[in-house]
Amino acid sequence: MCSIIGYKGKNFAAPILVNSLKRMEYRGYDSVGVATIDEGKMLVRKGTGKVAEVNKKLDMSHMLGNIGIGHTRWATHGGVTDKNAHPHAAGDNKIAVVHNGIIENYKELKSELIKTGYIFASETDSEVIAHLLNLYFNETKNIKQALMKTCKRLQGAYAFVAVFDDGTIGGVRYEEPLIVGVAKDGYFVSSDVLGFLEHTDKAIFLDNGDITIVNDDKIQIFDFNGKPVDRPITQVAWELGDIDKGKYAHHTLKEIDEQKLSIVKAYNQEEARMKKFLRILRAAKNVYIVGSGTSYHSALVAKHVFGMYAKMRVEAVMSSESKYVLSFLDEDSVVIAISQSGETADVLDSVRLAKSQGVKVLSIVNVTTSSLARMSDAFLGTNSGPEIGVAATKSFTAQLIIIYALADRLCRGKLGLDKEKLIHAVDSVLSNKSTIEKLAQELKNNKDLYLLGRSLHYPIALEGALKVKELAYVHAEGIAAGELKHGPLALMEKNTIVMILNPHDTTFNDTISNAHEIKARGATVVGLSDQKEDVYDYWIPIPALSEEAFYPIVEVIPLQFLAYYLAVGKNIDPDYPRNLAKSVTVR
Ligand code: M6R
C-alpha cells in the first residue's frame, strides 16, 4: 500500500529517492516524504500530494546527503495530512522511519511511550516504531539491539526502513515485502524492485523476520534474535523501459494497448513449469481458486472454463472470504491463488490458511519475485511486465490466457487455444477504441451503469463494473442476466443504461430476451456483441470467435477502454484513482 525506500551510497540520496518514489508511486499516492542525513544532521521534508507536486513545493530532490529514506503513503491510520506523511522522526531528529503495513498494537505502545514522556506528532500507527527505536537505542547505544528489541514489541504486518544520524540504515521485513538492491556504488532497501531497478538488477529478497543493517559500505542480515542469516543475490529480469509511459497520456491506456503483446507473453510458458503445475493440479480432488478484485474475476472465469472443457469442478473463492470458507480443507485439495502483485494481504492469508492444512498451493502471478510466488509449490508467471495503472488491465487478460492454456491441456486440446487467432481478435478490438471514446462522451454524465452477462460473460460484467467504478467513480453493477427478473428489473426505466454482453454463443438467446425486457421498460441498451441487433441503442462490435471460452478476452477490452475514457472525460487521472493503491497489502 505504501512504498518505502532507503539509500546509502556514493551519490546524493535525495534525487535518487525522489525518482524511485515516482516509480513506486502506484503503491500509494496521498502523501510523500524524504529524510536525508547531511553531515550528521537529519533533514526531513514531507507533505500531501503526489511525488511531483510535493517535490515541486518542497524541492525534496535538492536535499543534501548521500544517505536517506523515502515514502509514498496510502493512509490507513490517520488522515491525509502533512503531519501524518512519513518519514516520522524521533529522538530530536536522530532517527527517522518509513513504514509499510499496519502495527496492530500501536495503541498500547503509544500510551506506554506517552507515559514515558514521548510526544507524538502524528496520528499514525507508524510513529511508534520511531519512538521505540529511540527508546531502545538510548537504552543499549546499539542500533542492532534497538532494531531487534523494537521488532519484538511490534504486532501486525510491517516492513520499515529507519535512518540514524550516524548514517546507518536499518530495514525490517515482517509479512510485508522488503528487498535490498546491491548497486556498484551503494545499497537500496526498498518495498519493490522498481525502486532500484534503474541502478541495479541485483537484489536480495529478505525473508520474513529478517533485519538488515547497511553501514560502513557493507550489509548485514540477521533474524529477530540477532543470528546472521544468508540470503542469496538474485538477478532481476524486468526491462526498465516498460515502466515509462512513452507516447501515452496514461499508463492505463498504454497497458490496455499492450495486451496484443502481453497475451503472447502469457502464452509462452516454460514447459517444465507448466508440467509441474499440471501434475499437482491433476492429482487434486478438490480445487479452490482464490483471488481479490480483478484476479477474483479471473477465478470465476476459470471456474467456468475448467468446468465446461476439462469437466473439472472448481470453486472460486474471494480471498477476503477464504477464512470463512476454506478453514476445513482435505489434504488432497489444491488452492490456486491468482494475483498480479503477489503481495495482496488477503491472497497471502488464503495461501497461509491452505498451507497450514497441508494443502498444496499453485499460483498464477505477475510478479514472480513476490511473496506469493515464493510461497507456492509451483507457479506460472503471467509475464505482463510492470503494471503501473491501479486498474488491472493487461494482467487480467494474461491471467485468462494461462487459464485457457491449463484448461486446454486438461482437456487434451479440445479448447483449441490458437495464439494467432486470439492476437488477431485482440488487435481488432484494440483498433476500435474511437467507437468507445465516442460512447464514453455520451455516457459520461450518467450516474449508474448496469452490465449484464450469463455464464462466462457474468465475470466480465463484474469486471467491467469494477473498472468503471474505480476509474470513473460511476456506480456500476455487474448482474447475472438470469437474475434480472429476480429483482434488478425494478431499476429499469428511462435513462437507465444497460450494457449487454451478448456474443452469438450458447448464452445468446436467453440474453437477447433480457435485452428486450429491459428495452420494454424504456432503458437504453448497449449491445457488446459480434452481431448488431435492432434492440441495441448502441452497438460495440467484437469479433466472432470459434470458441465461446475466449469471448471474455475480447469483451473486457472495450470495457477497459470505456472506463478509461469515462475517467478522462471527467478529468479524473485514471492511473491514480482516489482512495486506492495498486497492491492492497493490508487487511
Ligand atoms: O495484485 P492482485 O491481483 O492480487 O490485486 C487484486 C486486487 O486488489 C486488484 O485486482 C484490484 O481490484 C484492481 N485495482 C482492479 O482493477
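## Contacts of the ligand

A polar contact is a pair of N or O atoms within 3.5 Å; within protein, one must be able to donate a hydrogen and the other to accept it, and residues adjacent in sequence count only if both atoms are side-chain atoms. In this predicted model, local features need pLDDT of at least 70 and side-chain atom pairs count only at pLDDT 80 or more, while totals for chains, interfaces and linings use all residues. Residues are numbered from 1 along each chain as its sequence is written, and side-chain values use heavy atoms, with hydrogens and water left out.

A polar backbone atom of threonine 294 is 3.1 Å from an oxygen atom of the ligand. Side chains also take part: a polar atom of the serine 341 side chain lies 2.7 Å from a ligand oxygen, and one of the lysine 467 side chain lies 2.9 Å from a ligand oxygen. On its own the ligand has 410 Å² of accessible area, of which the protein covers 91% (Shrake-Rupley method, 1.4 Å probe).

## The surrounding shell

There are 14 residues around the ligand, and Ser295, Ser339, Ser341, Thr344 and Glu470 come nearest (a residue is near if one of its heavy atoms lies within 4 Å). By class, the shell has 4 nonpolar, 8 polar and 2 charged residues. Here Asp, Glu, Lys and Arg count as charged, Ala, Val, Leu, Ile, Met, Phe, Trp, Tyr, Cys and Pro as nonpolar, and the others, Gly among them, as polar.

Domain 2 (246-417) and domain 3 (431-573) each give at least three residues to this shell; the bounds come from an automatic or database domain assignment. At least two shell residues are supplied by each of helix H9 (293-310) and helix H16 (457-472). Helices (H or I, at least four residues) and strands (E, at least two) are DSSP runs, numbered from the N terminus.

## Backbone features

Most residues other than glycine have a negative phi, and most peptide bonds are trans. The peptide bond from histidine 86 to proline 87 is cis, with omega near 0°. Proline 87 belongs to the loop between strand S4 (67-73) and strand S5 (88-90).

Lysine 141, although not a glycine, has a positive phi of about 55°. The loop between helix H4 (127-140) and helix H5 (143-153) holds lysine 141.
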